Amino acid sequence: MPATGFLPRSAFDRLIGALVQAGYRCVGPQVRDGTIIYDTLQATRDLPYAIRDQQQPGSYRLEDSDAARCFAWANGPQALKPLLFRPHEVLWQAQRHANGSLRFLPATADAERVAVIGARACDLAALRLHDQHFLESTVVDPGYQARRAGLFLVAVHCTHPADTCFCASTGDGPRATQGFDLALSEQDDGFLVEAGSEAGERIAARLPLESASAAKSQAADAEIDAAARRQTRRLPSRDLRDALFARLEHPRWQAVAERCLACGNCTSVCPTCFCHREQDEPALNGNTSSHTRDWDSCFTQGHSYIHGLTVRADTRTRYRQWLTHKLGGWHDQYGRSGCVGCGRCISWCPVGIDLTEEVAALLGEAAHG
Ligand code: SF4
Ligand code: SF4
């Protein structure tokens with residue numbers, strides 16, 4: 001998509017101003033507790049300027065850099081997921097009246113308008129998958145639907161992939177190609193701006209955009225292409241369904257289970273994982289009860305417990321379930337793999353388990369490269 005214009009860095013705060021004026025709360029990446037997470041953004045000076053990340057299996061570290069940029073790093077642990085699929089949410093409440101009758105009340109969906117500045121291509125691909133799951137299946141999730149309707153997305157094309165990223169091999173990055181209202185290419189002196197929707201065009205029209213030179217567009221494209229080439233991890237195919245289901249008894253499942261702590265970190269940080277559990281939380285007076293939904297993980301014992309039986313009783317079968325569902329079963333459910341190559345599960349696994357390495361071992365191929 002051609003650039004709509006060039007926004008000088010000195011005018012970057014005008015983007016926040018235009019979004020606030022249009023009724024959005026702006027959210028953007030910020031450094032917190034040694035990592036980068038999304039939080040309410042008051043001004044662009046709060047973005048992670050002159051920061052770079054070092055990510056390896058089981059390792060994430062931020063460092064100062066001399067880059068005159070605020071998006072010169074790869075994704076932190078948090079995707080768009082918690083903004084839309086809340087980690088804890090009340091789904092409905094029950095009230096008991098004095099005569100013993102019960103009344104059930106749906107939870108009111110929170111319909112705040114939120115503009116996210118800095119979404120990466122992999123997270124837009126994950127959002128597309130969550131839209132399929134929460135909005136396009138037979139039952140629509142009203143809370144997700146309300147939050148999604150109020151979302152404005154400002155993507156940033158990724159130019160600094162981490163060592164753990166492999167979005168080029170899944171076809172989901174590093175260039176953002178879909179799902180955004182505006183997309184930015186960061187340069188030292190400002191941003192090339194593209195509009196991807198009518199809402200994006202309306203915001204772009206409020207910005208003091210200069211014309212984007214061909215040289216700037218070429219430089220931006222070259223940075224994105226170079227970012228794709230720098231990625232060393234990969235998956236051997238975008239469809240591993242048959243290959244994985246043909247290897248359900250492979251000894252590698254036991255080998256990885258001997259390292260895996262079944263902690264569920266990988267599923268928490270994964271932008272596409274949506275497993276959850278529901279429970280009732282009665283008030284102490286016995287007159288009201290809330291039915292809640294919390295994130296869960298296929299690595300927990302309770303997740304596969306049904307009527308006196310834990311279906312997946314050991315870590316071998318839980319890791320196998322995670323990987324075969326993510327890279328195999330999703331093709332049947334959603335028409336593609338559930339992995340967008342963000343690499344979070346590799347960086348945030350406390351023992352450094354790397355799914356690209358596990359797949360390579362299962363398929364008998366060399367990892368990386
Ligand atoms: S499986 Fe890992 S690399 Fe793939 S989308 Fe989930 S966290 Fe990212
Ligand atoms: S693969 Fe790593 S992050 Fe996932 S459950 Fe096992 S130890 Fe935890």
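Which charged end sits over the ring of W295, and how far is it from the ring centre?

Author: Happy to! One note before we start: this is a predicted model, in which local features need pLDDT of at least 70 and side-chain atom pairs count only at pLDDT 80 or more, while totals for chains, interfaces and linings use all residues. Residues are numbered from 1 along each chain as its sequence is written, chains are lettered from A and ligands numbered from 1 in the order in which they are written, and side-chain values use heavy atoms, with hydrogens and water left out.

The charged end you asked about belongs to K81, and it lies 4.4 Å from the centre of the W295 ring. The term "over a ring" requires NZ of Lys or CZ of Arg within 6 Å of the ring centre and within 35 degrees of the ring normal. R120 is placed in this way too, with its charged end over the ring of W73 at 4.5 Å from the centre.

W295 also belongs to a cluster, where ring pairs link it with F85, F134, Y144, F274, W330 and Y334. Rings of Phe, Tyr and Trp (its six-membered ring) pair if their centres lie within 6.5 Å; planes under 30 degrees apart count as stacked, over 60 as edge-to-face and the rest as tilted. The count comes to 17 aromatic pairs by this rule. One of them joins Y24 and F152, with centres 5.4 Å apart and planes at 55 degrees, so this pair is tilted. It links distant parts of the chain, 128 residues apart: Y24 is in the loop between α1 (13-21) and β2 (25-32), and F152 is in strand β9. Helices (H or I, at least four residues) and strands (E, at least two) are DSSP runs, numbered from the N terminus.

W330 and Y334 are both buried, where buried means under 20% relative accessible area, exposed over 50% and partly exposed in between (1.4 Å probe, protein chains only).

F152 takes us to strand β9 (residues 151-156). Six of its six residues are buried, so the strand is largely enclosed by the rest of the structure. L151, L153 and A155 cover one side, while F152, V154 and V156 are on the other. As for its neighbours, β9 pairs in the parallel sense with strand β8 (residues 114-119) over five bridges, pairing being counted if DSSP finds at least two bridges between two strands. In that pairing, V116 stands opposite L153. Strand β10 (residues 182-187) also runs parallel to β9, joined by three bridges, and L184 in β10 is the bridge partner of V156.

Finally, a word on charges that meet each other. A salt bridge is a side-chain nitrogen of Lys or Arg within 4 Å of a carboxyl oxygen of Asp or Glu, and the count comes to 26. Among them is the contact between R25 and E112, at 2.6 Å from N to O. Its partners are 87 residues apart, with R25 in strand β2 and E112 in the loop between β7 and β8. R25 is partly exposed at 31% relative accessible area, and E112 counts as partly exposed at 32%.
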